[in-house]
Structure formats: structure tokens, C-alpha cells
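Hello,

Here is the structure we talked about. Please open it alongside this note; the findings follow below.

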Amino acid sequence: EIHIKEPIEKEVNPHLLPGELLLCEASTVYKYVQEDGSNRGTYGKLVCTNFKISFLDDDSASDDNEPQFKNKIVGENDITLQCVDQIYGVYDEKKKLLTGQLRKYPEKLIIYCKDLRVFNFCLRYTKEEEVKRIVSGIVHHSQTPKLLKRLFLFSYASAAPNNTDGRNQTVMFETLEDWRDELERTKGNVKYKAVTTNEGYRVSEKLPLYFVVPICISEESILKYEGRGIPIWCWSCHNGAALLKMSAFPKEQDDSTSQMQKAFLDGISKTISKPPYELLKMDDLSSSLPSLQDIQTAYTRFKQLFLIDNSTDFWATDVKWFSLLESTNWLEIIRRVLKKAIEVAECLEIQHTNVLLIEESATDLCCVISSLVQVMMDSYSRTKSGFQSLIQKEWVIGGHGFLDRCNHLHKSEKEEAPVFLLLLNCVWQLVQQYPPAFEFTETYLTVLSDSLYVPIFSTFFFNSQHQRDTNKSGESLKTQSGPFRFLTVWDWSVQFDPKALAFLNNPLYAEKPKPERSQRKTARFKHQRQLSLPLTPAKPSTKRGFFREETDHLIKNILGKRIGKFINSSDEPPNSLREFYDSWHSKPVDYHGLLLPRIDGPEIKVWAQRYLRWIPEAQLHGGGTIATAAKILDLMEEVQSLQVKMDEEHSQAVSGDVHSVPMLRNSARLSSLFPFALLQRQSVKPALPTSTWKDLEDEDDLVKRDDEFVDLSGDML
């Protein structure tokens, strides 16, 4: 049965951005809204531009039911070309993947998106010529390899007026001053220096223009192997220990080259590591963490759980949800990455040891671990501007290959890997475990993940600073000639209005109190004493030093070697990481100090907002975190209105400049899909067994009865 909404009479035209061109369109396309096996939907026009695929119905023309959380660039029925994951055609009820040239055109079109939306279009009532044009146009523009300059990024930059303040307090790390300021902020300028050796990219095109190295590293060393084998500074801990990263030499080399490189590395290592004053731990991430291919395979399996076509498929997979989830290995990868970050934090915080992360290019897993460590150890990185500056420093300027890893140009699937998404998943674990410690919300992280596929911002569309700089030159329609002026994703006002921006800020953020100048030194010293245990001979405590020297021998004889080994721990005890982890979790949380994620068993959760937001069956009516957020926002608005009334009484005048937080009065009517999916669609668990239930028919009746009444919130969330 097909419930048909009458075709629209009036002409609906797409809203085009500057530089956006309409390429092809088809009328009388039927878009399904699948509920419980029925084929409800609406007629409209399907269009493809050089920026997006868009479905336009009569609701598109009206502004009556505009959501509070509306993206100004990408609408509810818009899919950017970079957001298209796979396209399937349905021929006689059989699904077939569409790529390249098509001999036969499908009667239905299914588009799977990278943000996990699924669109179903019926083309039975569309003219044959229009079907050919729209299907081949969509497949060609979203799936075939393209040149970098063909990205909509360049069309938009050449046509759009650039009058926005793109920086928004985010440090971009494009100048030498930015790096020097960061060194000063972290007190790393005693041992490290910002260098200009790569100006004009004479060392390497993969390195940024400016970066920071240990003071003892010479310019000749940096130039020798195009920056490989050089420890590059990421961040300095309050106790002076630093986090560094290094691009390793290729493994397949002839003997003489390998020996020269080994001698070079030994020399660099001796320059930095000067026991007992300066200790250095090297960590090769390629051997201690999953490979990029493993990460890609796990994520591909994981996302299939959420690309749901219809209600029947949802309930069929729900029966075996946990076993399917575990078999993807995605949550285990997140746990391993978080555990590695805890190991690095323990070396820096407790052992006062410099940590050098090593990877072939130092632009993938190095970025993940160094960013996570800074989020855990530096409260500035948990503010909105601090987190954005961190992404700029470690990822954008640090040279992460967004273009290849996101496969924006469809050049090679071998290079594709969701490395940046892995970081956001890990940060989300911390955000949901310690909400008051973060100035931003999970909605902010979700929107940031969506922005990976919006090609009007340059932030996530280049492999390196060099690639962006060399492609900046071009002809602009506005200025006749001159460099492109790309937008940065950190200017959120481009995508959202002030009402929607309120959802990105955490109203319960515990802001850091600013101590008086006289108190600052004392507080810093106290923090150092609390968290830095005397586990290395590098910086022995003056109070305990005498006791240790006089009694170590006696204690070893009386209590045995094991305790002696812990007290005289120049050799790290095998369980020191566990002790560090358990000890930290046994104390009250300081939201402005060190944060350690809980990583045992079920503590690692699915990022429900990102992965379940388009699935009506998965919603909790009047539930989820949004119900809490709605109450808090209501309370904040009430406080603000009372403040306005008090001000009015004092000044006898009405102030028109008060910006109120969006009011969400009846939170019981919201669902956990809010603010992304606003339409609540009821989905009842099927009373009759599906094919999966039939497989279980031989089991005990009681088991079947229990399964039937399990609430979805327990199954999926």
C-alpha cells in the first residue's frame, strides 16, 4: 500500500549558495518515510548541484515549521556530495551498488550518507529521460574521482563575500608568534624553541611552516633527512616533562642507509635524553596500536549497524545487537587508544619522563594520542576555543591528511581511515563521563563530525599546510585576481544562528576560578606535589630523600624484593599503570586538573547522539540527555528573565539587548533524537515474529517472552 501525498502544484526552486550551480533535476520523485513496513512519503523534486543533492517538496518552501537547531548551509533534505557514502539502485526488488556508467536505470534509489542518514527515493513516476539524467548525474558527481580544484570549496571561495571574522579566539598556528605564545603558555620555552627552518617549505612539504623542536637540535639536523627523525614538540606538562612526536624513517632501506639513519637517531636521542635529569621514553605507535587498515575495517562494520533501511531490519538486528556490536571491534579500538593515552599521561605526570611518539608520518595516530593527552591533562583544551586551537595545532597545521583519510576526491579507498572520527569518539567518552569539565557539549562534537563533509570550509579539505597554501592562489570573481579567502569551520555563525549556537555550549561547565596573583605560585606548587609521586630518581623529594637513603636496604631485607622494587623504582613495576589508574579514580575529580577516562568493560559506550539520531525506532520519548538539557535551559532562561526584571526595577527602563537562551518548555514531548531529528515517528515493536524471531522459536517460551518485552533503551543505549 502506498500512501500518496498529492504532487505539488507550485514550482519550488533550490536555495543556491554563491558559486553553486544546478546540474540536473527530476520532478515527481517520491521520497519514502518508512514506518513499520508502510510506504508513506511525499512527492517532490530531486536536484543535483556542484555542492549537494537536495530533495525539494512543498514543505521546503514554507518557513512555518523551522526547527530551532537549523543548519543554514545544509538542510534536512540536503546531502553534500562529500557526504555520500554509497548509492544503491533497486531493480525488481534487488539492491545493486551503483558506480560508473549505468546500462539500466533503477526504479528506486537508496543513498547512504557518511553522517548515517539513509534516503529512499522512488523513481517509478518520474519521466525516463529525467531518471537517466538525475541518476547518472548523482553517481558521477558523488562517486567518481575528481581533481582538487573541482571541489566546491574553490567555487564558493571565489564567489562568496568574505566578511566574517573566522578566527573566533581560535589560535590558528599559522604564524611564529602563535607557536611562541603556546610555548609560553605551557612554560615549554625553557627547553624548546620555535624554528623558521621550513620557511618556503625548503625542508619538507609535509611539515608546517613553523614548528617547535628541542633547543639542542641544530638546523643542519632538521635539514638532513627532510625533517624525519626530528622530535617535534607537541605540549609541555606543568612539571617540565614534554610530549613529542617523530616521523620515522622508512623500514625498507639498504644497510648503509639504515646504519647512517640509526647513528643519526642515536645522536638525537643522546642529545635529548640525559639521565637522571632528562628521561625519554620512545613509543612506536605502529606496533602498540591497531593499524589504520584495522581501524577502517572496524568502522566499516560498525557503521553498518546504523545504516537502517526500514523498521523490519531494525528489529531483526536488535535481537543480536550486543554480539553484532562486539564483533565490529570498534569500541575495543577506542578502549585501546584511551588506554595508550593514560600510559602517556602516567609517564608525563608521575615519572616526569618525556614521551616521544613515533609513527611513519607522525600525522595519524600521533595526532590522536597527543590530542587526547592534552585534553586529559590541560583544562584549556577542554574549553571551546582551546579544543579548536588544539585541532588546528595537531591536525590541520600538524599535517593530518584529511583529503586522503576522508577520501574527499574518491582517489583511493586504500588511504581512507576514520582517524579524526576516532579522536572525536574518544573525546566523547570523556565528555559523557565528566560533563562539567568541558565547555562544549556532545552536540558540538556531533556537529564537528558533520562538518568534515561540508566543502565550504578549508579546515578539513587539505592534506597539509603546504597543499592549502599552494592552492590558495587563483582568480576570485569579486576581486578579479588574488588568493582565495577560505572560510574556517571555527566560525560557527556561518552554519548556525545564535539560538542554535546555544546547543553547542555546556550550561553546566565548571569554569576555572581565577586566583589572585599572590596565590598562583602556591597553588601551582601544591598541584605539583599532589599529583607527582616520587617514583623516579630524577627529582627526589627533599623530605623523603633521607628516609629512603637510610632505610631502602632495611626494608628490602624485611619485606622482600617486591616492595623494595616499588620503593626504589628506577625499574617501573609492571602494575604501576593500574595503580596510577586506580589511585586517581579513588579520589574526588578535579574538573580543572588531570582527567582519566574510565575504560573498564561497559564504561566504553556507543556515541548514541551521532549514530542513532536518524533512527526513529531508537528514540526515547521524553528521555535521553536532551530532557535534562531542556530543563537546564528553561531554568537558565527563568534566571535571565528574573535578572531582567530586577534590572528594570532599578533602571525603570526596558533593555532590548538581552539575548535569551532558546526555551524548550515541554521537555516531555522531546525525544532523544532532538535537536537533529525533530519529527517524532512512532515505531511499534512487531507483535508477530520477524525472520529473526522465527530462528528462536525452538527456545523456551519464557526466554521468548522476556525478549519481547525488553525496552529498546536497554537494548541499544
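**What was found**

Among contacts (heavy atoms within 4.5 Å) in the protein chain between residues at least 6 apart in sequence, 71% join residues at least 24 apart.

This is a predicted model: local features need pLDDT of at least 70, side-chain atom pairs count only at pLDDT 80 or more, and totals for chains, interfaces and linings use all residues. Residues are numbered from 1 along each chain as its sequence is written, and side-chain values use heavy atoms, with hydrogens and water left out.

The protein chain has 27 helices and 16 strands. Both are DSSP runs numbered from the N terminus: helices are H or I, at least four residues, and strands are E, at least two. Of the 717 residues, 53% are buried, meaning under 20% relative accessible area with a 1.4 Å probe, protein chains only. The chain exposes about 35700 Å², by the Shrake-Rupley method with a 1.4 Å probe. Carbon and sulfur atoms supply 51% of that area.

Now the sheet. Eight strands form an open sheet in the order β4-β3-β2-β1-β8-β7-β5-β6, with antiparallel pairing. Strands pair if DSSP finds at least two bridges between them. β4 (78-80) and β6 (94-97) stand at the edges with a single partner strand each, so one side of each has no neighbour in the sheet. The twist averages 30° from one strand to the next.

β2 (residues 41-49) and β3 (residues 52-56) run antiparallel, joined by four bridges. Cys48 stands opposite Ile53 in β3.

Helix α2 (residues 128-143) lies across β1 (22-32), β2, β3, β5 (84-91) and β7 (108-113). α2 runs at about 110° to β1. Axes are lines fitted to C-alpha atoms, for helices over the stretch in contact, and angles run from 0 to 180 degrees between N-to-C directions.

Best wishes

Note on methods
Buried < 20%, exposed > 50% of the residue type's maximum accessible area, 1.4 Å probe, protein only.
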